[in-house]
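Hi everyone, thanks for coming.

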2 protein chains.
Amino acid sequence: MLDNTYSVFLPEHWLTLFAPGAAICAILYGFISIKWINAQPACTEQMQAIAAAIQEGAQAYLSRQYKIIALVGIILFAIIAFSLNWETAGGFVIGSTFSAMAGFIGMHVSVRANARTAQAAAYTGINRAFLIAIRGGSITGMLVAGLGLLAVSGYYEMLLASGVHEPLQAMIGVAFGASLIAVFARLGGGIFTKGADVGADLVGKLEAGIPEDDPRNPAVIADQVGDNVGDCAGMGADLFESYTASIIGTMILADILVTGSNNIQLYPLVLVGISILTSIVGIFCIRIGINGNIIAALYSGLIVTAVLTVLIYYPVTQWMLGETLIIGGKTVPSINLFYSAITGLALMAALMPVTVYYTSSDYAPVRYIAKASTTGHGTNVIAGLSVSMKATAAPIILICASMWLSYQLAGLFGIAMASVGMMSLTGLIVAMDAYGPITDNAGGIVEMAKLPEEIRKMTDALDAVGNTTKAVTKGSDLGCAGLAALVLFSDYTTELGGLVCDLGDIRVILGLLLGALIPYLCSALAMEAVGKAAGDIVNEVRRQFKEIPGIMDYTAKPDYSRAVDILTISAIKKMLVPALLPVCIPVIVGFTLGKEALGGVLIGSIISGLCLAISMSVGGGAFDNAKKFIEAGHHGGKGSLAHKASITGDTVGDPYKDTAGPAVNIIMKIVNIIALLIAPLL
Amino acid sequence: MLDNTYSVFLPEHWLTLFAPGAAICAILYGFISIKWINAQPACTEQMQAIAAAIQEGAQAYLSRQYKIIALVGIILFAIIAFSLNWETAGGFVIGSTFSAMAGFIGMHVSVRANARTAQAAAYTGINRAFLIAIRGGSITGMLVAGLGLLAVSGYYEMLLASGVHEPLQAMIGVAFGASLIAVFARLGGGIFTKGADVGADLVGKLEAGIPEDDPRNPAVIADQVGDNVGDCAGMGADLFESYTASIIGTMILADILVTGSNNIQLYPLVLVGISILTSIVGIFCIRIGINGNIIAALYSGLIVTAVLTVLIYYPVTQWMLGETLIIGGKTVPSINLFYSAITGLALMAALMPVTVYYTSSDYAPVRYIAKASTTGHGTNVIAGLSVSMKATAAPIILICASMWLSYQLAGLFGIAMASVGMMSLTGLIVAMDAYGPITDNAGGIVEMAKLPEEIRKMTDALDAVGNTTKAVTKGSDLGCAGLAALVLFSDYTTELGGLVCDLGDIRVILGLLLGALIPYLCSALAMEAVGKAAGDIVNEVRRQFKEIPGIMDYTAKPDYSRAVDILTISAIKKMLVPALLPVCIPVIVGFTLGKEALGGVLIGSIISGLCLAISMSVGGGAFDNAKKFIEAGHHGGKGSLAHKASITGDTVGDPYKDTAGPAVNIIMKIVNIIALLIAPLL
């Protein structure tokens, strides 16, 4: 199977087994770490009780969410099986099951690591607490990467072994399965978490004047549950989807565009496999140095992984692909694929400081929002919205530059390789992201258990970093989504034999306009759902404050479970329409207006989706940190008019950054995957 | 010149003179009406003093604004003259001068009609007041239409008479001149008016607890000035631009695509000329009936004009164009052009109820925002933003449907004719829009002159209709902009010999992404400018309240002129960058990434611009009316928590609907006009 002199020394099957092998390593890492977490000292009974309430709520929500998804999934499975084929339907099952597993296990760990982090903060110290939190996060990270790669490489090998006619067509099913879980998890989880967060803030902070995470707030447990189902399970499913979609999109393009090496299909799988191994090394390098800088500790892990990855990719590329390849009819030096992958990595590295600039209180944009808060709620929101729109420019220009560069290197396949390059750090990125809800919860538990102020300060320090990493990972996530969606679109046009979608063709224009609507509609529905859920929470909390008079002086306990129930029902109900819109619209357009119009829909959804997703994700982060900046004592600090105005902005930013923004990210890809699925029928 | 049997009875020059003749009729109507307005009884000295302060501020602002534009214009004139030719540069001067004239005269009348409307309300009755207000508005309307058509048809005849080689190329200069004035007037005027409005509301209503238009508020005169420079001069320039761009775009397409009739160039000019005459008839039909329904009176004018227009277009089409035409190589019945124009009219008619649905307090969306206000500022803004995003769907689907239909009728030229059809009602639409600031000002004068409550109620009734017509005209304006921009894009590709912009071409994708950024960046800058100006006003008003203690008990007069000065300086300064971005980006992309990428920029700006403009314009109106709904006594009425929350939403919606949204409308077209201008150089 190997076709060049470098590779004759190695047996052929070694290479095909490498990716599944690396995936299994990641999964093993995950299970060993779970054991390690569970072995950490358990905490006081009171803390355990709080943690148990969070666990219970999260598990109850997730099982209800998965039940609904299973129902939708069964219908879609039947449609795929009968209109396409059983292999694609099988892929759909594998993609969705593996993604659900990653989310479920990740959350299972997260709701256990939180109490142990709180315990370590209280009795051992910040270094130990940090270690538990990041180890907990890394479990989700490595499971996402490991299960993702296992789904793709394992199913691919299986299909090859069973001699299926078009294995890559069936692989689209895997990507679709992953997308479906992702869009539901992001929307459902996002509605839950932000409904809780906004509701708790509005009524707790603004009306009752009690601090965040105060046990007197009847929505406080729901807020903690939300962190887990939204930021942990939702985000895991999201990146699982980016991961599988990028790899599968690249394999399809390789099949159509590239000749000159038999290894070209395996090449992206091998690169991703390598990155899993280097990520595990990176995680073990995360240690707080003597200066106590937490963010530096996290970055050191990223840097180790990135450097190792680059160092290994180079010889592997030479060894696997030989001197030259023929890509789209042109002879291209194989090493250009390596450079393309590095372009992706560089894009990710470049997006991080840009996102930090717009969302960190150290820079002008957040300070401008904070200052605008001094003149009222209105000017705060206007400032935040203007920052959110302005923040689109730099990321989009960077994405354009990396597309242009990787295209120069290896044509459309270069862009695909850039998207694979971006995925190299997925394990670590998810780990850093999943670290957030663990420390956030730990802080909540400390507050609710009324532990001393110093311990709360410690968990706050851990949590503050979580907010930065969340912004950073969001930035990179957007880049991934943009590239991955474009790769899927290229798959679509090449699958249809080089379909030309000319802007002078009215069908393409109609498609573009209709496609551009999808992100708007889904965002609108997501925002509306959060707004309504938050409104329900406000009314419920007001009711409890009124009907249970002892709450405020701690003589009566609020009924936490009511808030959890309200949010569960409302999230499950409201996620259906926005999740199914991006599935239905491409099918309708494809079969009525034709394949050119569908091409327009795909690009239209990417163009408007990318702008909208960046502006909402980044803008939301900026709103949030403007509030934190004021809470740190600026412009009058807590309780001032500016603070109240900044809370309004934060509540607007919440569904922006954690519900609508991330959902749009997935929607761009799901639309393209659907188009790829129905392409043979058009 | 006429090529068919229907037309032999009429001398040739009659037809070429028809459009300029109709244009002159409109201008004559304008000047006669100005005399009529000035002959109306002048009001009390106190009212005159207030009106004079508004006049002074508005004129001072406008002359400063025009000075800056003249400076930019001279530079652009030189660039056009030397890089292209003198004819195009001449067109640029005519387009910009005529547009500036329409705005200036319109505003001049508006600031005189306001006091006379107040006077009539106080001493004659609502019918007379209404008549003065609508007559005042109709002057701006007919001057916009008349001067617009005169610029286009007059300059075209002049170029033909002087035997210029490519007269239509030079006509693009006219469109560009109009665009330049429009973008500056919309941005500058929008920043001024909304800075004043938001600032006055935040500090007056929310902090000091005084009603709108209260003479104690130091920003109250600035607010009235803003209504005139934004809603009257800004909006007039905006529609002047839509008007000329649509007609010129259609003439260019006719030249390239259509053969089979020598009249085809004159055809759009004649249709527009007819609509001017029918509009004058329509204006005279606007009378309040015995039931006293104001909105019905306005609609009756629209309906008369629309019906007359359709009845006359039909025979004129048959008579001018004969049986068939050859459009883009296909034989098409000429009457299809009539149906295309009617499609445009129908689109306009369909957009009106849709906009009303989303912005009127009689329907679900506004009531939903009002209800969300009861749970706080945050949920109010979230609800408003979700309505604003949701509101994109119906208009865009309607625009797509009309594009598809008119394309089926007569190809790309059908879409152009639809855009001309939409323009038929421009005179009346502008009249209805310019009616707004007159009644708004009249109310302000009544309030400030402390006239009895019943008179204020009368002007409020007149003003409430102004808010509805503003929303309606905005909806139709968006449709016009979308179609006109697409027509200009078709001009661009056909000018370049049928340029193919394939979505599989990476340059097109990069162009689309960069083009999509333009509306985001300009909106961000516009919002930021309003936010900052409003913040300055808040601080200034707070300062005056503190340093001039007699203001609150009417013993001291606030310093009104400071607020006007602050806004003038900040509007002039902040309008430059967002106005020049859409001029510069296409030039840069065109000369670096090439004509395919520029094609992408054009469509990218239309796609993202249309979504953004609709969501901002409609969303802003919804926010505004949710506040009015609460002020009418719902959810606790004035002074309640819900009311405060709804004021926050209103201040966010203000720059959305009156600064950023309308500016994006123009930006979509300016980008396309620039591309057309530089097309010969690419």
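In chain B, helix α6 (residues 220-257) and helix α16 (residues 560-592) have axes that come within 7 Å and cross at roughly 45 degrees. Helices here are DSSP runs of H or I, at least four residues, numbered from the N terminus. The axes are lines fitted to C-alpha atoms over the stretch in contact, with angles from 0 to 180 degrees between N-to-C directions. Who makes the contact (heavy atoms within 4.5 Å)? From α6(B) come Val220(B), Ile221(B) and Ala222(B), and from α16(B) Tyr560(B), Ala563(B), Val564(B) and Leu567(B).

A word on ground rules: this is a predicted model, local features need pLDDT of at least 70, side-chain atom pairs count only at pLDDT 80 or more, and totals for chains, interfaces and linings use all residues. Residues are numbered from 1 along each chain as its sequence is written, chains are lettered from A and ligands numbered from 1 in written order, and side-chain values use heavy atoms, without hydrogens and water.

Staying in chain B, Tyr554(B) sits in the loop between α15 (506-547) and α16. Phi of Tyr554(B) is near 65 degrees, positive although the residue is not glycine. With a relative accessible area of 46%, Tyr554(B) is partly exposed (between buried, under 20%, and exposed, over 50%, with a 1.4 Å probe and protein chains only).

Over in chain A, His635(A) has a positive phi too, near 50 degrees. His635(A) is in the loop between α17 (595-631) and α18 (641-678).

Note on methods: Helix = DSSP H or I, 4+ residues; strand = E, 2+ residues; numbered from the N terminus. Contact = heavy atoms within 4.5 Å.
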